[in-house]
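Welcome! Take a moment to look over the sequence and the 3D view before reading on.

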Amino acid sequence: MTADELRSKHFATLCVHGAGEPDKETGALNPPIYQSSTFAMHTAQEGAELFSGEREGYVYTRIGNPTTAALEKEMAFLEKGEKALALASGMAAATTAVLAVASAGDSVVASNCLYGGTHKLFKDLLPRLNIEVIEVDATDPKNIKKAMKPNTKLVYLESPANPTLSLNDIEACSAIAKKHGALTLVDNTFATPYYQCPLELGADIVLHSATKYISGHGDTIAGILIGSAEFINHARGEIMRDLGGCISPFNSWLLLRGLKTLPVRVEKHSFNGMRVAKYLSFHPKIKTVWYPGLHTHPQHELAKKQMSGFGGIVAFEVKGGRKAGEKLINNVKLMTIAVSLGDVDTLIQMPSSMTHSTYSAEELKEVGIPEGLVRISVGIEHYHDILEDLSQALTKI
Ligand code: LCS
């Protein structure tokens, strides 16, 4: 099937067939793992042409690899972008994307509710490179508009955001950025391309911590950027090539395997997520639940507008705050106390002291992340067993 024929197929079909046809030589149904750091050239002239860009091909796995290329092709299909670039981690994707767009003396306007590692990058490393990052409450696009400066090159969003599940209006924020000549990046890790397509909403770059739902099995660290051919070529050739944050061929292959079941897994995560959110919202020991699929979520209407499903991450606060939340976490039996998310296993953690410990107490308050917020990445176990585990742990408080 040609690329154009494939593009017209449904998402689930692209997940199974998007990496390409069976291997031409051997008939292998799945793409081979090209576990090779370097690629033989026939002549010195061919080498020169490959390096100058006159000829397409593989020279060195830091710059490109056939297994990784199959993954990149499939992710570009799924996110409806021209090209994709796979990297060693979500953080490698974030550093590569920002440095592809901004230089010393430029600024980035970002949401203030981000994965703790991204917030640390914005607070510590980028200012050392003289790139200013202005973090604002991006649940209101007006705050983005107010923060834009003549030197702003990038608007950096995360929707739904880690860990509060707050949303950014991708269409409105992208329109503001465009007006100011800046690009918009959306971290689409929580929603996955199955439930949200930022490029169709006007964004320019999509980022994934592919460690999460793209892999789905908790066995890989990886990141992916998707965007225009111009952006991806620049990010690959000028930034990733220098920073060196390339993915290994084996990890690309694991992601290709994960992608085949993405819709099946994400539907189940979402089904279970809704059940956990509803259960908690009616429980007398729970103070607040954050889940975009609940009509009590302050941006539920926006969630329905820009997402086609609500995902598997649920955040909540137990009455009694941090101490009570820790007691709940210490008493789970089926769930695992662990960071990361999007795995088939249900994971539970406390962001203020774990994933978001890079936020100061004042920053947590400002962003609206309670110290006692508990985050569950709801897995694909039977939801009765997940609810039973929550129920027995809650009786211990
Ligand atoms: N973006 C989001 C939304 C994330 O949740 C993470 C990691 C990253 C980017 C960075 O990706 P990585 O380099 O880890 O592949 N989130 C984590 C979390 O919530 N727990 O552990 C890692």
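Here is a short tour of the ligand site, the salt bridges and a few surface features.

## About the model

This is a predicted model, in which local features need pLDDT of at least 70 and side-chain atom pairs count only at pLDDT 80 or more, while totals for chains, interfaces and linings use all residues. Residues are numbered from 1 along each chain as its sequence is written, and side-chain values use heavy atoms, with hydrogens and water left out.

## Around the ligand

The ligand has 17 residues around it, and Asp 187, Ser 209, Thr 211, Lys 212 and Arg 375 come nearest (a residue is near if one of its heavy atoms lies within 4 Å). By class, this shell has 5 nonpolar, 8 polar and 4 charged residues. Nonpolar here covers Ala, Val, Leu, Ile, Met, Phe, Trp, Tyr, Cys and Pro; charged covers Asp, Glu, Lys and Arg; the others, Gly among them, count as polar.

An oxygen atom of the ligand lies 2.6 Å from a side-chain N or O atom of Thr 211, and a ligand nitrogen is 2.8 Å from a polar backbone atom of Ser 340. Taken alone, the ligand exposes 480 Å², and the protein buries 93% of that (areas come from the Shrake-Rupley method with a 1.4 Å probe).

## Salt bridges

Side chains of opposite charge can pair when their charged atoms come close. The structure holds 12 salt bridges, each a side-chain nitrogen of Lys or Arg within 4 Å of a carboxyl oxygen of Asp or Glu. Asp 4 pairs with Arg 7, with the closest N and O atoms 3.7 Å apart. Both lie in helix H1 (residues 3-7), 3 residues apart; helices are DSSP runs of H or I of at least four residues, and strands are runs of E of at least two, numbered from the N terminus.

Glu 371 and Arg 322 meet in another salt bridge at 2.9 Å, N to O. This pair links distant parts of the chain, 49 residues apart, with Arg 322 in helix H14 (residues 321-330). Salt bridges that share partners join Arg 322, Glu 326 and Glu 371 into one network.

## Buried or exposed?

Gln 392 in helix H16 (residues 383-395) is buried because its relative accessible area is 17%, and buried means under 20%, exposed over 50% and partly exposed in between (1.4 Å probe, protein chains only). Glu 56 counts as exposed because its relative accessibility is 79%. Val 339, in the loop between strand E10 (336-337) and strand E11 (347-349), is partly exposed because its value is 42%.

Note on methods. A polar contact is a pair of N or O atoms within 3.5 Å; within protein, one must be able to donate a hydrogen and the other to accept it, and residues adjacent in sequence count only if both atoms are side-chain atoms.
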